[in-house]
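Welcome! Please take a look at it first.

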Amino acid sequence: MARRKEAELDRELVDLPADLRWREWLRRIEAVLFASRSPVPRDDLARVVGQGASVDVLIEDLAVDLEGRPYQVAQVGAGWMLRTKPAYAPAIRAAADVGGQALNLSEFDLAVLAAIAFHQPISRDGLKEIFGKEISRDLIGRLAERDLIGTGPREPRRGAPYTFVTTETFLTAFGMESLRDLPDPEQLQDAGL
């Protein structure tokens with residue numbers, strides 16, 4: 001079976017005037033972000049624009065271009081994605097099939113996830129100290145299965161327990177660029193949480 005050779009993407013667009021070239025690069029980045037289910041790193045976005053184009057400036061221009069729209073560009077981890085603005089969440093839930101995207105975590109599940117986020121890397125023993133009870137392997141498994149947590153470093157000794165850390169999927173699910181976006185623990189205490 002012969003393999004179909006795909007046409008080379010014209011990244012430079014030298015036949016276009018500068019303003020139309022910039023607009024096309026902007027639309028390419030928007031299309032890539034729209035089509036991707038996960039954050040797209042800078043290096044991947046750079047594959048669709050010319051060598052002289054700044055992905056960061058294109059992202060900034062796209063953010064301005066999307067003002068007034070129901071979605072926006074969000075930096076999540078080391079990449080970007082399009083996210084619906086929170087104000088439109090009720091309309092989406094009312095009319096769209098987003099059941100598979102809902103986290104559907106119990107309050108305790110969220111508390112364990114928050115503990116992992118704030119104390120990572122943390123072992124099951126560390127979680128037991130925080131909650132005063134054993135955290136089930138099933139709960140850890142459910143969080144890992146949804147890719148909200150992963151295994152972290154182990155101490156360099158035989159039999160050291162596994163630790164848990166949050167993942168990029170965690171950042172995406174909660175709309176964070178990095179763990180620096182976690183609320184301040186003292187503010188949470190002051191709010192009674």
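Leaving aside neighbours within four places in sequence, Phe170 is in contact (heavy atoms within 4.5 Å) with Leu113, Ala117, Asp147, Leu148, Met176, Leu179 and Leu182. This is a predicted model, where local features need pLDDT of at least 70, side-chain atom pairs count only at pLDDT 80 or more, and totals for chains, interfaces and linings use all residues. Residues are numbered from 1 along each chain as its sequence is written, and side-chain values use heavy atoms, with hydrogens and water left out.

**Nonpolar cores**
- Phe170, Ile116, Leu127 and Leu143 have the most contacts inside the largest nonpolar core, which has 22 residues.
- A nonpolar core here is a set of buried Ala, Val, Leu, Ile, Met, Phe, Trp, Tyr and Cys residues joined through side-chain atoms within 4.5 Å; buried means under 20% relative accessible area (1.4 Å probe, protein chains only).
- Two or more core residues come from each of strand E2 (71–76), helix H5 (107–119), helix H7 (137–145) and helix H8 (168–173); helices (H or I, at least four residues) and strands (E, at least two) are DSSP runs, numbered from the N terminus.
- H5 gives the largest share, five residues.
- A second, separate core of 18 residues includes Leu33, Ile59, Leu62 and Val73.

**Helix H5**
- Buried in H5 are Asp109, Val112, Leu113, Ala115, Ile116 and Ala117.
- Their cover includes helix H6 (124–131), H7 and H8.

**The sheet**
- Three strands form an open antiparallel sheet in the order E4-E6-E5; strands pair if DSSP finds at least two bridges between them.
- E4 and E5 stand at the edges with a single partner strand each, so one side of each has no neighbour in the sheet.

Note on methods:
Buried < 20%, exposed > 50% of the residue type's maximum accessible area, 1.4 Å probe, protein only.
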